[in-house]
Structure formats: C-alpha cells, structure tokens
Amino acid sequence: MVLMNLTNDNPMGCQQIAACGGLETLSSLIAGHYPSFSSSLSPFRDISDNTLSNSNLEIEHQNESHLSDQELDFLVAILGLLVNLVEKDGENRSMLAAAMVSLPGVQGLEEERHSNVIPLLCSIFLANQGAGEAAEEGRALALDDEEALLQGEKEAEKMIVEAYAALLLAFLSTESMSIRGAIAECLPDHKLAILVPVLERFVEFHLTLNMISPETHTTVLEVIESCRVP
C-alpha cells in the first residue's frame, strides 16, 4: 500500500523505484510466485522470440488451479504497482518491456529458462480473460446464495487482475512499434483489439464510482483507440 501511494501521480517516486530495480523485482515476483502463468511459455521454442504457443496456453489455462484469496491479492498489488510505474513514464515502459525473468524449472529440462516479461503479462491476461463478464453476470445471482456470493468475490478479484494486465499491455504498446508487435504476437489473431472491451469496462466502472481523474481518463481513452488499430 505504501508503494502504491508513492507511485500514484508521483513521477519522482516512480523513477526512484525503477532506478532501484523495482520493475525487474516485481516481474520476478510474478514469475516466481505464479508458476502456472510462467509454465504457459512453451519450453520447446526459442524463448528469445517472445512468442507464446497458443495451443500450449489453452491447455495450461484449462488446467490451471484457482489461486487463493491471498495469492490473488498479492498479484493485484504487484500489477497495480506496475501500472502506476509505467502509466506516465516512457522510460519505465521501455525498461519493463525489456525486463527478463527466470522461469521455474520444467520437468525434463535441466537448464534454467529465461523469458522477456511481455509473454508473461500476456499469459496473465489470457488466463483471466472473461473475468469481467463473469463478474457482471454474478451480480444478477440471488444475494442469499452464499456460495454464489463467494464466487462473485473471486470473479471480482480476477476482473481486477484482467483489467490491470490489460492496462499494462496497453500502456507498454504505446512506447514503440517493436514493443507493440511483441505484445500482439502473444495475443489471439496477433491483435491488441482483445484488450479494448476490458479497458472499456475498467473506464466505465471507475467513472461510475468517480474514481478516475480526468487526466487518467483521457490517457486510457487514448490507449483504447490505439489498441483498436489493426
């Protein structure tokens, strides 16, 4: 929470955290603590090409075990902090896009694997894709259904993960055509358009609660339009 406050509309705080290796540390925390996302990266390809195997992603996400409440909270905190760090800082966007992470060992492979952070962020987004729609559907369930309410809370957390991952990818994509291309290669149809409905729900939700500043609203609308471009 302290770091979130330090990086919220605080350019100096964002620069200092990045200068201390904060971007790399946060990326490594995701790779180390959430192996289900890292294992979506095919061990049988050249990791340096920054692409994902779509079939491997589908299988991995179908078999992915649900994260605990604590794990979801931790992931939300990491992603939220990364969003703050890159939202208004082009240098931080470039640094995060270039960050490399060590991936958990895979059975049958002895040597350590490394990957660029972009496929990892795409894996997180794809694993939680549709959470926003599921959360909206859950609101229509009976309020006295305790199991449904608990599931609704879980879907709401996943919706935040989905939104933060989409925001991160969208912000990174604006930094350069090469970064945009690397992100697109990891998404269905090699397009960023899949991020648009998630970002639109994010804006609508925060506008409803009056929780988004005019500046941030304008920034997100601009990246939404950028993501629409083929």
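Ground rules, quickly. The model is predicted, so local features need pLDDT of at least 70 and side-chain atom pairs count only at pLDDT 80 or more, while totals for chains, interfaces and linings use all residues. Residues are numbered from 1 along each chain as its sequence is written, and side-chain values use heavy atoms, with hydrogens and water left out.

Buried means under 20% relative accessible area, exposed means over 50%, and partly exposed lies in between, with a 1.4 Å probe and protein chains only.

Start with the strands. β1 covers residues 100–103. Four bridges join β1 to β2, residues 113–116, and the two run antiparallel. Strands pair if DSSP finds at least two bridges between them. S102 stands opposite H114 in β2. Which side chains of β1 are buried? V101 and L103, which point to one face.

Next, α8, residues 117–128. N116 caps its N-terminal end, with a side-chain oxygen 2.8 Å from the backbone nitrogen of I118. That is a polar contact: N or O atoms within 3.5 Å; within protein, one able to donate a hydrogen and the other to accept it, and residues adjacent in sequence counting only if both atoms are side-chain atoms. α8 has twelve residues and reaches 17 Å from first C-alpha to last, close to the expected 16 Å. The expected span is 1.5 Å times one less than the number of residues. Twelve of the twelve residues of α8 are buried, so the helix is largely enclosed by the rest of the structure. Just after α8, G130 takes a positive phi of about 90°.

Buried or exposed? N128 is buried, at 6% relative accessible area. A polar atom of the N128 side chain lies 2.9 Å from the backbone oxygen of I124. Leaving out residues up to four places away in sequence, N128 touches F37, K158, V161 and E162. Contact means heavy atoms within 4.5 Å.

Now the cysteines. A disulfide is a pair of cysteine sulfur atoms within 2.5 Å. The count is zero. C122 is in no disulfide; its nearest cysteine sulfur, that of C186, is 4.3 Å away. C122 is buried, at 0% relative accessible area. C20, by contrast, is exposed at 71%.

On to α10, residues 146–173, where L167 is found. L167 is buried, at 2%. Setting aside neighbours within four places in sequence, L167 is in contact with V83, L199, F202 and V220. L167 and V198 are 31 residues apart in sequence, and 8.8 Å apart in space, C-alpha to C-alpha.

Last, two loops. D189 sits between α11 (177–185) and α12 (196–208). D189 has a positive phi of about 60°, although it is not a glycine. D189 is exposed, at 67% relative accessibility. N210 lies in the loop between α12 and α13 (214–228). Its phi is near 55°, a positive value in a residue other than glycine. N210 is exposed too, with a relative accessible area of 68%.
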